[in-house]
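Here is a short briefing on a structure.

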Amino acid sequence: KKKATIVIVLDISGSMQGEKMTNAVEATANFLKRLEKDDEVYVLAFNDQVRELQPAGRAGDVAEELGDVVRGLYADSGTALYDAVCAAAERVDELRTGHETAGEKRLYGIVVLSDGQDTASRKTENDMMGCLPSGEDVEGVKVFTIAYGDDADKDLLLRMANRTNGKTFSGDPDTIEKVYTAISAEQ
C-alpha cells in the first residue's frame with residue numbers, strides 16, 4: 001500500500017457553530033488517529049482566513065497532538081472556501097515536489113469539509129477550479145468533498161471532486177464519523 005499525504009481543509013466559519021462544529025472537530029481528530037503512521041497529514045482550518053495547524057507531518061508523530069489542536073478550534077467569521085482549497089492544492093504541490101525529489105511515491109488527497117457558500121475569498125470560483133489538478137493526472141491529487149449540513153454548496157463540492165476523479169459525500173453532525181471512515185477506505 002502506498003503511503004498517503006492528506007491535506008484536510010476544515011471549515012470553521014461562523015455557520016459551523018454549535019453541534020456542527022463539535023462533531024466536525026471530533027470526527028476530524030478521530031480520522032487523524034486512523035491514518036497509517038507513515039502517512040502525512042496537514043490541516044488547513046479556514047474561516048475568512050486560512051491557516052495551517054501545527055504540528056503537521058508524519059501521522060505517527062503528529063496525529064495525537066494535532067487532534068488536540070483541532071478539538072480546540074471554534075467557529076467564527078466568514079467562509080473563504082475558494083482561498084482555502086487553493087492553499088491546499090498549493091501545499092500538496094510543494095509536498096509532492098519534495099517527495100519526487102526524494103524519489104518517494106505517494107497518494108495525495110485533499111479532504112474538504114464545508115457547510116456553506118464562499119463569502120470571503122479573494123479568489124473566484126474559476127480561480128479555485130484552476131488551482132485544482134484536472135482528472136487526467138491520475139498521479140495527481142484526489143479531492144474528497146464533504147457537504148456538511150443542508151446549507152452546503154453541494155453542486156460546487158461535487159464539481160470539485162469530479163474534476164480530480166475524487167468523490168463527494170454528504171454528512172451532518174450525526175453521520176460525519178461514518179463519512180470520514182468511508183474516505184479512509186478510499187485511500
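Is S77 buried, partly exposed or exposed? S77 is partly exposed, with a relative accessible area of 41%. Buried means under 20% relative accessible area, exposed over 50%, and partly exposed in between, with a 1.4 Å probe and protein chains only.

This is a predicted model, in which local features need pLDDT of at least 70 and side-chain atom pairs count only at pLDDT 80 or more, while totals for chains, interfaces and linings use all residues. Residues are numbered from 1 along each chain as its sequence is written, and side-chain values use heavy atoms, leaving out hydrogens and water.

**Helix pair α1 and α2**

- Helix α1 covers residues 19–34 and helix α2 covers residues 59–71. Helices (H or I, at least four residues) and strands (E, at least two) are DSSP runs, numbered from the N terminus.
- The two axes come within 9 Å and cross at roughly 175°. Axes are lines fitted to C-alpha atoms, for helices over the stretch in contact, and angles run from 0 to 180 degrees between N-to-C directions.
- α1 and α2 are therefore roughly antiparallel to each other. Angles over 145 degrees count as roughly antiparallel, under 35 as roughly parallel, 65 to 115 as roughly perpendicular and the rest as oblique.
- From α1, the residues V25, E26, T28, A29, N30, L32 and K33 meet A63, E64, L66, G67, V70 and R71 of α2. Contact means heavy atoms within 4.5 Å.
- By class, this contact of α1 with α2 has six nonpolar, three polar and four charged residues. Ala, Val, Leu, Ile, Met, Phe, Trp, Tyr, Cys and Pro count as nonpolar, Asp, Glu, Lys and Arg as charged, and the others, Gly among them, as polar.

**Helix α2 itself**

- α2 bends by about 30° at E65. The bend at a residue is the angle between axes fitted to the seven residues ending there and the seven starting there.
- Its buried residues are A59, V62, A63, L66, G67 and V70.
- The cover over the buried residues of α2 includes β1 (3–11), α1, β2 (40–46) and β4 (57–58).

**Disulfide**

- The structure holds one disulfide. C86 and C131 form it, with their sulfur atoms 2.0 Å apart. The cut-off for a disulfide is a pair of cysteine sulfur atoms within 2.5 Å.
- The link of C86 and C131 is right-handed, with 95° about the S-S bond.
- C86 lies in helix α3 (residues 81–101) and C131 in helix α4 (residues 125–131), so the pair ties together parts that are 45 residues apart in sequence.
- C86 counts as buried, at 0% relative accessibility. C131 is partly exposed, at 23%.

**Loops and backbone**

- N47 sits in the loop between β2 and β3 (50–52). N47 is buried, with a relative accessible area of 11%.
- Leaving aside residues up to four places away in sequence, N47 touches I12, S13, D76, S77, G78, T79 and A80.
- S77 is found in the loop between α2 and α3. Phi of S77 is near 70°, a positive value in a residue other than glycine.
- N165 is found in the loop between α5 (154–163) and β7 (167–171). Its phi is near 60°, also positive in a residue other than glycine. N165 counts as partly exposed, at 43% relative accessibility.
- P55 is found in the loop between β3 and β4. The peptide bond from Q54 to P55 is cis, with omega near 0°.
- Most residues other than glycine have a negative phi, and most peptide bonds are trans.
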